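Subject: Structure handover

Hi,

Here is the structure I promised to pass on to you. Please have a look at it first, and then read on for what turned up.

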Amino acid sequence: MEAKAVGLYQGLPLSEPQALQDLTINVPQPTGRDILVAVQAVSVNPIDTKQRQVQAKTATPRILGFDAVGQVLAVGERVTSVMTDDVVYYAGAVDRPGSDAQYQLVDERLVALAPKKWAATESAGLPLTALTAWEGLFEKLGWTPEKDANCGHSVLIVNGAGGVGSIAIQLAKWAGLTVVTTAGRPETTTWVKNLGADIVLDYHDDLGTQLADAGIKQVDSALLLHSTDLYLPLVVPLMRPLSTIAAVVTNAKPLPMDLLKPKSLNFAWEFMFTKANYQLSEMATQGMMLARVAALADAGIIKPTTQRVLTGISAQTLKQAHEIVETGQMLGKLVLTASFNG
């Protein structure tokens, strides 16, 4: 079947007319564990802009999009977890055509039923950030994903006002952690406090001094969601010995790992596409995580983080979305709603 889509043939600046293009693509019927989804809304993440910028020239258009909510139209013969007409949400896989298309094939193990009490624009802003935050907090840092299970312990979340940080703060508070985060503007400080952050550090000033002034000598874990090169050496002095630092943003130069040795600190990378990229048996945990997050959403324990919505999905609106995300100043998430009107 054919679908309208937005894609690219090579990485170009957004000022170039061909940076993103309205296209028509062929979408096969689902087989195996794939489902076919009619996309209702998508979100744009920093990974979209980074993947666009570095895309090598290709004869087959690259379709981006790693956050979506939509209705299941058909399922492969091995699918057991969802049925046609279900409304699902997911981040998908970075090595397959993405959600910037009317119809998308996605592995059932990566999806879950969308929150029933949230609008599509709210649900579409959730999967990638929720999976990254959940894996970072509960797999990499090792905290227990249950209500109030980690009371008496703390986590430092660098860049709490971004997409991942906005969910990580809420999940950490649900799990009983004392949440320390960073912000730099009055509006971002207000945002993270409203999400539940206990202590907000101004990243313009010395983090250790501010932490001590707040009555905390050291933190039990850290989740770096911005500039690993910059923040790793700044965060190491704040860590409890034998604790763990997890990071999301790829380093641009060799990291000073020797700083971690005196305290026997652990370091872990978090990349939520790893399970799908390597077709690991753990793929199914992502659908399970999204199901638990949807339950928390419907129970009112976590709040939507969608802060801006653009109507219509086309090369024009996606260029606008990429421009906004590339500023690095977004609070929460930016979502576009169907129809695909390029």
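Let me start with a strand pairing: Gly 7 stands opposite Ile 63 in β4. Strand β1 (residues 2–8) runs antiparallel to β4, and 2 bridges join them; two strands count as paired if DSSP finds at least two bridges between them. Helices (H or I, at least four residues) and strands (E, at least two) are DSSP runs, numbered from the N terminus. The open sheet here has 3 strands in the order β2-β1-β4, with antiparallel pairing. Since β2 (21–26) and β4 (62–63) are at the edges with a single partner strand each, one side of each is left without a neighbour in the sheet.

A note on provenance: this is a predicted model, where local features need pLDDT of at least 70 and side-chain atom pairs count only at pLDDT 80 or more, while totals for chains, interfaces and linings use all residues. Residues are numbered from 1 along each chain as its sequence is written, and side-chain values use heavy atoms, with hydrogens and water left out.

Overall, the protein has 10 helices and 16 strands. Its radius of gyration, taken over C-alpha atoms, is 20 Å, close to the 20 Å from the globule rule for 342 residues, so the protein is as compact as a globular protein of that length. That rule is 2.2 Å times the number of residues to the power 0.38.

A pocket is an open set of points on a 1 Å grid over the protein atoms alone, where a 1.4 Å probe fits, with protein on both sides within 12 Å along at least five of seven lines; lining residues have an atom within 4 Å of a point. The lining has 46 residues, and Pro 46, Lys 50, Asn 159, Leu 225 and Val 249 lie nearest the centre. α1 gives the most to this lining, with 6 residues.

Finally, Val 248 sits in the loop between β13 (239–247) and β14 (266–269). Val 248 counts as partly exposed because its relative accessibility is 27% (buried is under 20%, exposed over 50%, partly exposed in between, with a 1.4 Å probe and protein chains only). Leaving aside residues up to four places away in sequence, Val 248 touches Thr 132, Leu 224, Leu 225, Trp 269 and Glu 270, a contact being heavy atoms within 4.5 Å.

Best wishes
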